[in-house]
Amino acid sequence: MMDYEVESLIAEGAIARRTQDLAADISAAFADTDQLLLVGLLRGSFIFIADLARQLDLPCEVDFMVVSSYGEEMESSGSVRILKDLDTEIAGRDVLIVEDIVDTGRTLAKVLEFMKLRNPRRIEVCALLNKPSRREADLDVRWIGFDVGDEFVVGYGIDYAQRNRTLPYIGVVKPIAPAAPD
């Protein structure tokens, strides 16, 4: 792992305000549902889904999937693996996938393909962060918190090699050049 520092990109307050706005829009869109199923993609979404769920003005249930494509690298491996499936039946249900970041879109595309085979009534996606410049899969992400550039970001649940998840803001990983020998 390289030496790096984290430079703030999106402040804690901005995330809180945007999460509140997203929750209002989602609550309105799913006002006709009996109980919305929020599906968090772990591990990166755990802080966002908790904050979003508390802001929703409708009954909801929460479940999680563990999906991996990064390992400890800064680039997606291209190989998407489902490590933990849902515990909840989704046939006939309204489902909102809550994602930390949509980068290439390959991971989310695979999850959507997998979930649509289970015949949900409706399935939508909410992502805290979106990197449109890196998109390789054609996706419909209905709710997006923030668009970000092609930088490696951490914080608010998102990690680099299992570090920086608990930062209360989104930051950009900035490599530190090794000191020149004397």
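Predicted model: local features only at pLDDT ≥ 70, side-chain atom pairs only at ≥ 80, totals over all residues.
Setting aside neighbours within four places in sequence, you'll find Glu99 in contact with Leu41, Ser45, Phe48, Leu108, Cys126, Ala127 and Leu128. Glu99 itself sits in strand 5.

Next, pick out helix 3, residues 106–116. Colour Thr107, Leu108, Val111, Leu112 and Met115, which are buried. Now turn the view until you look down the helix axis: the buried residues fall within an arc of 130 degrees, so they line one face of helix 3. As a rule, an α-helix has 3.6 residues a turn, so residues three or four places apart point the same way. And what do the buried residues of helix 3 pack against? Bring up strand 2, strand 3 (60–68), strand 5 and strand 6 to see their packing partners.

Time for the largest nonpolar core, which has 29 residues. Select Ile26, Leu52, Leu96, Leu129 and Ile170, the members that touch the most others. Helix 1 (12–29) gives this core its largest share, 5 residues.

Zoom in on Leu129. Beyond residues up to four places away in sequence, Leu129 touches Ile10, Asp100, Ile101, Val102, Phe146, Val148, Val153, Ile158 and Ile170.

You've already coloured Met115, one of the buried residues of helix 3.

Notes. Residues numbered from 1 in each chain as written. Heavy atoms only, no water. Core = buried A, V, L, I, M, F, W, Y, C linked by side-chain atoms within 4.5 Å. Buried < 20%, exposed > 50% of the residue type's maximum accessible area, 1.4 Å probe, protein only. Helix = DSSP H or I, 4+ residues; strand = E, 2+ residues; numbered from the N terminus. Contact = heavy atoms within 4.5 Å. Arc of directions from axis to C-beta.
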